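Visitor: I would like a close look at a single part of this model. Please keep the account plain and connected.

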Amino acid sequence: MKRKIVLNVNNDNYEVEVEPGRLLADVIREDIGLTGTKKGCEIGVCGACTVLLDGKAVSSCLMLAVHAVGKKITTIEGLMKNGELDPLQKAFVDYGAFQCGFCTPGVLMASKAMLNENPHATEHEIREGLNGNLCRCTGYAKMIDAIKSVAGR
Amino acid sequence: MSRDFELLEPKTVKEACAMLSKHRDQAKVIAGGLSLLLFMREGLFKPRFLVSLMKIKGLDYIKHDAKKGLRIGALATHRSIENSKVVKAKYPVLAETFHRVGSMRIRNVGTIGGNLCHADPRLDPPPTLLALDAKVKVVGPKGTRSIRLEDFLTNYYETVIRPNEILTEVSVPSQPPRTGGAYVRFSTKTNDDTPAVELAAVVTLDPKKEVLADVRIGLGALAPTAVRAKKAEAFLKGKRPEEDVLKEAGMIASQEVEPIGDLRGSEEYKKEMVGVMLKRGIQAAFEKAKA
Amino acid sequence: MQEFSVVGKRLPRVEGHDKVTGKALYVADLKLPNMLYGKVLRSPIPHGKVLNVDTSRARKLPGVKAVITGEDTSKVKWGAFINDMHVLAFDKVRFVGDEVAAVAAVDEATAQEAVDLIKVDYEELPAVFDVFEAMEPGAPILHEGNNIALHQKFVKGDFEGGMKEAAYVFEDKFTTPIVWHAYLETMGALASYSLSGKLTIWLSTQTLFMARQRIARALGMRIADVRLIQPNVGGGFGGKSCDEPTAMICGLLAQKTGRPVRLINSREEEFQASRPRVATNIFLKMGFRKDGTIAFKDTKVVNDNGAYSAKAPATTGVTLTRVDTLYRFKNIRGEALLVYTNKVPTGAYRGFGNPPMHFAVEQMMDMAAEATGLDPTEVRLRNATQVGDVSVHGWRVNSCALSDSIKKAAELMNWKEARTNKKPHQGFGMGCFIHVSGKRHFGNYDGSSAVIKINEDGKATIFSGEGEIGQGAFTVLSQIAAEELGVPLKDVEISVGDTDSTTYCHGAYASRLTYIAGNAVKAAAADAKKQLFKMAAEMLEADPEDLTSREAKIFVKGNPSKAVTVSDVARGCLYREGGFPIVGRGAWDPPSELQTKDTRDGNTSGAYSYGTQMCQVEVDPETGKVKVLNFVAAHDSGKVINPMLGEGQIEGALQQGIGYALTEEMAFEDGKVMNPNFADYKILGADDMPEKIKIHFVETCMEPTGPFGAKGLGEPGLVATSPAIANAIYNAVGVRIKGLPMTPEKILNALKEKRANKQ
């Protein structure tokens, strides 16, 4: 049976009507229309669906939308501030840290959460932190360089 | 995924048990939801009711005192345990183990209660919890039960929990002085792969710090549940961790498990790796205990 | 070395902002009004006759708008080289995952529910899963006649003589498994059909025009009545070159319902029913003279086609012959068999048949090094192809810096010293490679074409149907156009791939875009520039021959102070009597030839790229596990248009190559894929990659036929990776593994065998 819930995404409140089994990734993508969050595997392994819940990285493909009520959800669309790219986004562009771009929103959100917790993460910590995000295009090398450049500041 | 279920959101454990009593086989408990949603997606569970524990307050604590030891509320996330100051200080091997669970995303959402009740023998925390003599507290309409973890886990995805019970707490006794632990996770493919061997070694040394006065070894991914290598433990007790001693202990431990041959290794290979990881685990735990 | 303004610069990707802000739209992000959702029913058995498909219950489900089966299709078989595929099964199913029926419904869940309600009666037939069993008399036959889809044989040079000259002979069997592309975005399509007869499909594809042809054939439509539009594509690596029927099924559902239909593969479907890398059995025998030069090579290849051919016939030919232009082979004998089995159909994946043979040959080069006492680099140098060579198959090598790449890699790795003073259980290994820049095998054309319009504000728009799949084509083609026109990169944009508004070209495969599309774009830019200069000459009262352009200004050479802007010229050409917009057109087909069927003679590509990879590994002697510590890649791709993007391509290829070497393989049980997900099919994560990767572009030899000297770059990065690691393992612990992946267990068993043999 559908119920009305309010989800706070990127500081905006969205009222949606969902069945209890509806996944957060689908509500964000289809109901709210923010398609930057991707579905790559639907089993929580690839990280393409990463969003932040109260600042913490979670797999939106493995979360009921109703469990996200009352939390601050941040998607890739919420990373820019006042029309300016986040330093991580800018670094990714400058360092060539993406290719096809499909994993990129998830990687950026995971990196953002990582640096929020550990602003001066070392290369080893960055590698480990990226371990839950799969990429098939880049070999991760330039992602690590980009994140390092932001962590180093 | 089944859309035909109702989500119930009790505010207390008592309320949750009552709902489970009412709906019995038609209901499943959901906490973080990671394992449950995966199974529902595969069509392995088709519950008509999901009893969500996420509105129950006060079940995510991590407490420690010298007498009662460590007590962790069932809804504590892997991440909170990994980062907990008291866990890092008093049970560093547990913090290390929880650090290895899945990815950051999994650790932010997955709960220790959900992990233990899902009872997948390939998950990381159980071997270490077993090696630390963990107990679980299970609450039902008829009262509370305290069950040793090794009695709690019975088979693949099976525990002794009754359909109307909720696991509320995991406790680990205080560890004696001169105790050290190590968690070894050996995967044959990538670092995040399900391991071929999980081994937790917790040793307590004699006052001279030369002999293994007490040894506890938890093994995972090698049997229908995580298990203790009791025969290997008995063999090692009272001995020095020398090369030949550890080698024989490894062979004994490898006979205590029944690994399944798969893409991560054949049965023979995995058994051999039990021996290698036992040696490395005991050596590392020994060093930690000496410090 | 020529100095360029835009070419050769480390410039950010032109489509970057959309990708880092989540604005880039992939097919699963697209929605049309009134859209339905499609789902496919796939065979649960590996081989069987389809007796009856009962869709009655599915049709009755509320929200279901169409259910189609093989009876709804034209029943015309199609395929890249052999027409053996159906759109939906109408006679037999031949692998677990074979498409049988499809549903369009108001949402995904309803579509899936309807699929589960379709009842199919199969007459199950015996199945065969092993290529050698499939060739035996009495084996279950998948198609007609026997299970051999392709058989080619040749002998070249003085084979018998070569055998006599050999001082050292090695003979071994090498095997490589089926591995997946594992791109992050699964295959998907959004189709919309107009009653005027036009079918529009937004498709995650890397080959628009060829997809259009195949879709039209399979649906019985006129080619130009199918319009293919490429949204952003989340990786392809060869797997999205229209060798499976997703687009056709989606198109049929759109036709049937009269509504747009979006059909997206789940990850499991992707693993079950895309077209992964062909598995090989390579029987290799090589003879070397005392001086380390190759006396002869004898190869037999038995490849696993799976249930349908897709690109495997061409892949098999490549496995057999491409390596023959890496060294100066003269006396060779080759035979290849491509065999049908009831497993997932194999096809094209980065490297296209080349990596498996390099895994074999490059290990034998090291065996020769050991036998002759020569350094592995020296054995390669003594056999290396040089500029101007015409190889044993008639391939013409216009540019080649192979020898330079060997020396450079050795310098970067500090090769001699490293191998002499290495730590226990550590080893250093190398591999060399050859690859193509395009391949002529889809008819007698391997070209590209482009149109460039100069907008009235001076900005150039490139219309190219080649598309972008993440490899950087948009940026590289824009740089080439900018350089040719004499404008900054920000004054060039490139269109979305759309078969209606762009001109015929073949798409992204065989590392052809920089080289072939680059030349077409350069030609179009040159044509636009010619028109610009003609008008500018009038405005400047000068001779067009005396003009040059730089930073969007056109002026007489040596007199930059008196200039007109590109915008001035574009307007000037337009706003006058008889005015017209400036539109440049260009086309380029490389100087390559269609190969003969058996011998593969004929210059298959216009240019060949070369290179050397070296790595340092550490082997755990108790577990057999390999850690790759350090990788050096010295690649000859001629002039590299954008080194930052070029490095990214090689770094990504290394991730795939190391996975191929150590962790990836498809597992089967009775034809069913047992690891169809990322939890059980392991691709390398960030902390599995070597911490030190050094990439060097050996720009000592420009490709004369390439745009600004460039040639192919996209695929080679993983061709020599697995033998480099195999050779490093041998250098570390003295065991040689001849089957991929080189798992810890295989290495440990080899170590035990070695110890046992010593006693």
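Which residue is the bridge partner of Leu52(A) in β5(A)?

Guide: The bridge partner of Leu52(A) in β5(A) is Thr74(A). The model is predicted, and what follows should be read with that in mind.

The strands concerned are β3 of chain A, residues 50-53, and β5 of chain A, residues 72-74. Two bridges join them, and the two strands run antiparallel. As background, the strands of a sheet pair through backbone hydrogen bonds, in either a parallel or an antiparallel manner.

This pair belongs to an open sheet of five strands in chain A, ordered β2-β1-β5-β3-β4. In that order β3(A) stands between β5(A) and β4(A), while β5(A) stands between β1(A) and β3(A). The pairing in the sheet as a whole is mixed. The edges are taken by β2 (12-18) and β4 (56-59) of chain A; each has a single partner strand, so one side of each is left without a neighbour in the sheet. Direction ignored, neighbouring strands of the sheet are turned by 40° against each other on average.

Helix α1 of chain A, residues 24-31, lies across β1 (3-9), β2 and β3 of chain A. Its direction is at about 105° to β2(A). Helix α3 of chain A, residues 104-117, lies across β3 and β4 of chain A and runs at about 35° to β3(A).

Next, the domains. The domain assignment of chain A gives domain 1 as 3-78 and domain 2 as 87-151. Taken over C-alpha atoms, the centres of these two domains are separated by 21 Å. Their contact takes 15 residues from domain 1 of chain A and 13 residues from domain 2 of chain A. On the domain 1 side, the elements that give two or more residues are β3 and β4 of chain A. Strand β3(A) gives the most to that side, with three residues. By class, the side of domain 1 of chain A that touches domain 2 of chain A has seven nonpolar, six polar and two charged residues.

Now the setting in the whole chain. Chain A has five helices and five strands, and along the sequence they follow the pattern β-β-α-β-β-β-α-α-α-α. A compact globule of 153 residues would have a radius of gyration near 15 Å, and chain A agrees because its own value is 15 Å. Along the principal axes, the C-alpha atoms of chain A fill a box of roughly 50 × 30 × 25 Å. Of the 153 residues in chain A, 64% are buried. Of the contacts in chain A between residues at least 6 apart in sequence, 58% join residues at least 24 apart.

To return to the part in question, Leu52(A) has Thr74(A) as its bridge partner in β5(A).

How values were computed
Residues are numbered from 1 along each chain as its sequence is written. Chains are lettered from A and ligands numbered from 1 in the order in which they are written. This is a predicted model: local features need pLDDT of at least 70, side-chain atom pairs count only at pLDDT 80 or more; totals for chains, interfaces and linings use all residues. Helices (H or I, at least four residues) and strands (E, at least two) are DSSP runs, numbered from the N terminus. The radius of gyration is taken over C-alpha atoms; the globule rule is 2.2 Å times the number of residues to the power 0.38. A residue is buried if 20 or more other C-beta atoms lie within 10 Å of its own, exposed if 12 or fewer, and partly exposed in between; C-beta atoms are placed from the backbone. Two residues are in contact if their C-beta atoms, placed from the backbone, lie within 7 Å. Two strands pair if DSSP finds at least two bridges between them. Axes are lines fitted to C-alpha atoms, for helices over the stretch in contact, and angles run from 0 to 180 degrees between N-to-C directions. Domain bounds come from an automatic or database domain assignment. Ala, Val, Leu, Ile, Met, Phe, Trp, Tyr, Cys and Pro count as nonpolar, Asp, Glu, Lys and Arg as charged, and the others, Gly among them, as polar.
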